[in-house]
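Please look at the sequence and the model together before reading on.

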Amino acid sequence: MSEKITNINPSNIQNTREDKSSFGVHPVVFLVWLLIIASIMLFSGFISAYIVQRTDGLRNEAWLQFQLPICFWVSAGIAVVSSFLMQKAYNSARKDDVQLVPSLVFLAIITGLMFGISQFLGWKDMTSRGLFISNQEPEEISASFVYVISLVHLAHILIGLALLIITFYKSLKLKVHRKDLVFINISTTYWHFLGLLWICILLFLYFAR
């Protein structure tokens, strides 16, 4: 049975309030949103470069079209499940179901690791088909793009996992509840962003092969 938290340490609430900047925004929240904006700009740059290179490659018959690894699609499903788990954890924290939060965050971490494994299997599939990050032929630059974009995304996943692990630790200490939702809020927001970003990337790479 989930335990409802009844006694919140007033100092924790006070610390949360004091952590807010003069603009009324928590510094960690500000940093995470800054990271999200930077990530959007970074991947927009990748997509722009991909489109330019693809257009030029198709014109010169120097663009290799290939099927994306099935594991990449599996990873998209894993991302959806993981986001769902984090949203459940956030909702539980809002309801002060403090015993349920660590379990859900832990499952989100596990699915995050499964996402990384599926990416690795996807790259292994590509190498088995002779597609490497360093293109042997000019037209194989399309494969290089897939490697670089998915690798950079995975690096962002590692940052997200770090946020989830910190959230998990705080939830074990009963520091994640309805009066202190800052960290689980930013963790959930960033995790949703990464899942949505991967789905958008995957759909783009599929339709713009």
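## Terms and overall fold

Helices (H or I, at least four residues) and strands (E, at least two) are DSSP runs, numbered from the N terminus. The model is a predicted one, in which local features need pLDDT of at least 70 and side-chain atom pairs count only at pLDDT 80 or more, while totals for chains, interfaces and linings use all residues. Residues are numbered from 1 along each chain as its sequence is written, and side-chain values use heavy atoms, with hydrogens and water left out.

The chain has six helices and zero strands, and its pattern along the sequence reads α-α-α-α-α-α. A residue is called buried under 20% relative accessible area, exposed over 50%, and partly exposed in between, with a 1.4 Å probe and protein chains only. By this rule, buried residues account for 44% of the 209 residues in the chain.

## How the helices pack

Two packed helices are described by the angle between their axes and the distance between the axes. Here axes are lines fitted to C-alpha atoms, for helices over the stretch in contact, and angles run from 0 to 180 degrees between N-to-C directions. An angle under 35 degrees counts as roughly parallel, over 145 as roughly antiparallel, 65 to 115 as roughly perpendicular, and the rest as oblique. The axes of α3 and α4 come within 8 Å and cross at roughly 170°, and α3 and α4 are therefore roughly antiparallel to each other.

For α4 and α5, the axes come within 9 Å and the crossing is at roughly 165°, so α4 and α5 are also roughly antiparallel to each other. A crossing is left-handed if the near helix is turned anticlockwise from the far one by less than a right angle, and right-handed if clockwise. The crossing of α3 and α4 is left-handed, and the crossing of α4 and α5 is left-handed as well.

## Salt bridges

How many salt bridges does a search of the whole structure find? The search finds three, where a salt bridge is a side-chain nitrogen of Lys or Arg within 4 Å of a carboxyl oxygen of Asp or Glu. One of them joins R59 to D56, with the closest N and O atoms 3.3 Å apart. Both R59 and D56 belong to helix α2 (residues 27–59), where they are three residues apart, about one turn of the helix. R59 is exposed at a relative accessible area of 58%, whereas D56 is partly exposed at 35%.

Another salt bridge is made by the side chains of R178 and D96, at 2.7 Å from N to O. R178 lies in the loop between α5 (141–172) and α6 (182–207), and D96 in the loop between α3 (70–94) and α4 (100–128), so the pair ties together parts that are 82 residues apart in sequence. R178 is partly exposed, with a relative accessible area of 48%, while D96 counts as buried at 5% relative accessibility. There is also a salt bridge between D125 and R129, whose closest N and O atoms are 3.3 Å apart; D125 is partly exposed at 26% relative accessibility, and R129 is partly exposed at 36%.

Most residues other than glycine have a negative phi, and most peptide bonds are trans. D96, which is not a glycine, has a positive phi of about 65°. L174, also a residue other than glycine, has a positive phi near 60°, and L174 counts as partly exposed at 41% relative accessibility.

## A surface patch and a buried histidine

I70, W73, V74, L203, Y206 and F207 make a nonpolar surface patch of about 600 Å², and the elements that give two or more residues to this patch are α3 and α6. Patches are made of residues with over 30% relative accessible area and no salt bridge, like charges being joined within 9 Å and nonpolar side chains (Val, Leu, Ile, Met, Phe, Trp, Tyr) within 5 Å. Accessible areas come from the Shrake-Rupley method with a 1.4 Å probe, and for residues only the protein chains shown count as cover. F207 is in helix α6 and counts as exposed at 65% relative accessibility.

Is H153, by contrast, buried or exposed? H153, which is placed in helix α5, is buried, with a relative accessible area of 0%. H153 and S39 are 114 residues apart in sequence and 9.0 Å apart in space, C-alpha to C-alpha.
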